Amino acid sequence: MQNKLYSISEVAEKVKAGKILLLAGDEGMLSQIPSGKWIGGTIPYFMSENGGIITKDKIFVTELPDYITEISIKKYNESAVKEVYKDGQDFGFSIIIIPASGKVHLSFALNAPHYEGFATRPLIGWISGVHLNDLGKINPAVFSGQTKEKLTDAAVVLHAKLPKNKIAELSIINIFSQSDSDTIKFTENSFSAKEAIVNGKLVNFAEYVTDKKIDTRLPLVANYSGAMINISFQSVDADKKMVNFYAPVFKEVEYRLASPVSDYITSFLSEMPKTGKENILFSCNCILNFLYSELEGKITGGITGPITFGEIAYQLLNQTMTNITITDI
Amino acid sequence: MDYIIIPDKVWLDLLTEKIKPEFQSLAFRVLLSRLILEIKTTKGSDATSKCLRELKEFLRLNSNLPSLQKDLQKIVTGYTYKSSTI
């Protein structure tokens with residue numbers, strides 16, 4: 001089935017029928033879904049089959065295939081989230097949803113690469129959010145469908161076991177690549193930076209960004225053994241001489257500014273896999289891509305999903321489409 | 001392709017960046033990056049042994065991944081290694 005937007009009554013029917021669901025939608029909508037085998041997160045931005053859309057009146061549903069019969073749903077607070085990889089099923093996958101800006105979000109972002117079992121099991125997910133007009137007024141949340149709990153500072157995770165003839169694999173589509181510009185390193189692991197080491201020289205990073213007139217819609221990009229990983233700019237505070245990011249920068253990692261992208265859709269379509277899209281179980285893409293590339297009303301190659309405040313493929317990502325596919329072994 | 005046939009020397013060369021093939025598997029790439037960084041920034045041979053163990057555990061659980069299968073094939077047949085090494 002195609003993942004898409006449904007009404008409350010349609011989602012409730014699926015829950016009552018015993019389907020295992022991943023849900024994304026407005027808090028008011030998710031609160032009305034009966035208890036069952038589902039997890040959810042708040043967000044009003046989606047890539048639908050008809051293009052990018054903003055709505056609080058529908059819920060985006062990812063329905064897990066019927067051959068998945070063994071799942072567990074767990075919640076993780078700040079101290080427990082380091083167990084997320086250990087709790088995963090061997091030869092399965094896990095889906096995590098974390099509320100934006102809470103302690104679990106920050107802790108996961110900074111520490112996930114050092115969790116026991118990091119990357120040993122597929123972990124995909126997203127950071128839940130709110131309409132940008134509601135920032136500061138409403139807290140992002142996640143839901144455990146089993147208990148119907150609304151959580152604003154804990155992650156919810158669905159661990160799933162796959163049958164022996166199936167395998168899950170994560171992939172990303174990142175249209176940003178490293179430019180040939182300055183090399184940039186930071187002095188600490190943090191969501192913000194005062195200092196940076198640019199081409200080996202210590203500078204104030206806010207002054208560097210301002211003086212160079214850097215387009216902060218383009219992320220910093222690190223090369224992880226060939227995987228391009230973004231760090232998006234959140235703000236440049238000229239008074240505090242501080243730069244804030246949507247994901248932490250890590251010291252010892254070398255970053256470069258991204259090369260400009262003139263046409264997101266064209267670039268995105270050129271990066272998309274030519275085959276196998278029908279095997280994508282779940283996908284999410286970044287709110288910054290949605291805004292900067294004006295994706296409302298535009299279609300991204302038939303891949304649908306929530307538009308999120310951060311994406312997770314083993315670790316926190318920014319401005320990246322993240323997918324999980326299930327294929328036969 | 002069974003990862004067991006690849007000797008430890010090859011994995012150690014990967015972890016210490018003596019060889020840098022281009023891989024496909026996202027999981028392999030993000031884990032490898034973390035392990036390479038850990039070895040670079042941690043003194044002593046314990047870090048290398050620990051990272052090698054982590055890498056092997058990853059391979060044990062994930063060697064059936066289609067993209068990782070291609071990566072293992074690349075390690076075995078390509079780059080700086082002759083077939084007699086393996």
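The model is predicted, so to speak of local features pLDDT has to be at least 70, side-chain atom pairs count only at pLDDT 80 or more, and totals for chains, interfaces and linings use all residues. Residues are numbered from 1 along each chain as its sequence is written, while chains are lettered from A and ligands numbered from 1 in the order in which they are written.

**Chain B**

Chain B has four helices and zero strands, running α-α-α-α from the N terminus. Helices here are DSSP runs of H or I with at least four residues, strands are E runs with at least two, and both are numbered from the N terminus. Of its 86 residues, 30% are buried. Buried means that 20 or more other C-beta atoms lie within 10 Å of the residue's own, exposed means 12 or fewer, and partly exposed is in between, with C-beta atoms placed from the backbone. Among the contacts in chain B with a separation of 6 or more, 70% link residues 24 or more positions apart. A contact needs two C-beta atoms, placed from the backbone, within 7 Å.

Helix H3 of chain B (residues 45–62) is worth a look. Cys51(B), Glu54(B), Leu55(B), Phe58(B), Leu59(B) and Asn62(B) are the buried ones in H3(B). They cover an arc of only 135° around the axis, so they sit on the same side of H3(B); the arc is that of the directions from the helix axis to the C-beta atoms. The buried residues of H3(B) pack against helices H1 (8–15), H2 (26–41) and H4 (66–77) of chain B. Over on the other side of H3(B), the exposed residues include Ser45(B), Arg53(B) and Arg60(B).

**Where the chains meet**

Chain A puts 21 residues into the contact and chain B 20. On the chain A side, strand E13 (residues 166–173) gives the largest share, five residues. That side has 11 nonpolar, six polar and four charged residues, where Ala, Val, Leu, Ile, Met, Phe, Trp, Tyr, Cys and Pro count as nonpolar, Asp, Glu, Lys and Arg as charged, and the others, Gly among them, as polar. E13(A) itself is mostly covered, with seven of its eight residues buried.

**Two sheets in chain A**

E13(A) belongs to an open, mixed sheet of six strands, ordered E5-E4-E24-E23-E27-E13. Strand E5 (51–54) and E13 of chain A are at the edges with a single partner strand each, so one side of each has no neighbour in the sheet. The twist averages 25° from one strand to the next.

The other open sheet also has six strands and mixed pairing, in the order E1-E6-E2-E3-E10-E11 (chain A). Here E1 (4–6) and E11 (149–151) of chain A are the edge strands. Helix H1 (residues 8–16) of chain A packs on this sheet, and its direction makes about 25° with that of E6(A). Axes are lines fitted to C-alpha atoms, for helices over the stretch in contact, and angles run from 0 to 180 degrees between N-to-C directions.

Strands pair if DSSP finds at least two bridges between them.

| Strand pair | Bridges | Bridge partners |
|---|---|---|
| E13(A) and E27(A) | eight bridges | Lys166(A) and Asp328(A) |
| E1(A) and E6(A) | three bridges | Tyr6(A) and Ile59(A) |
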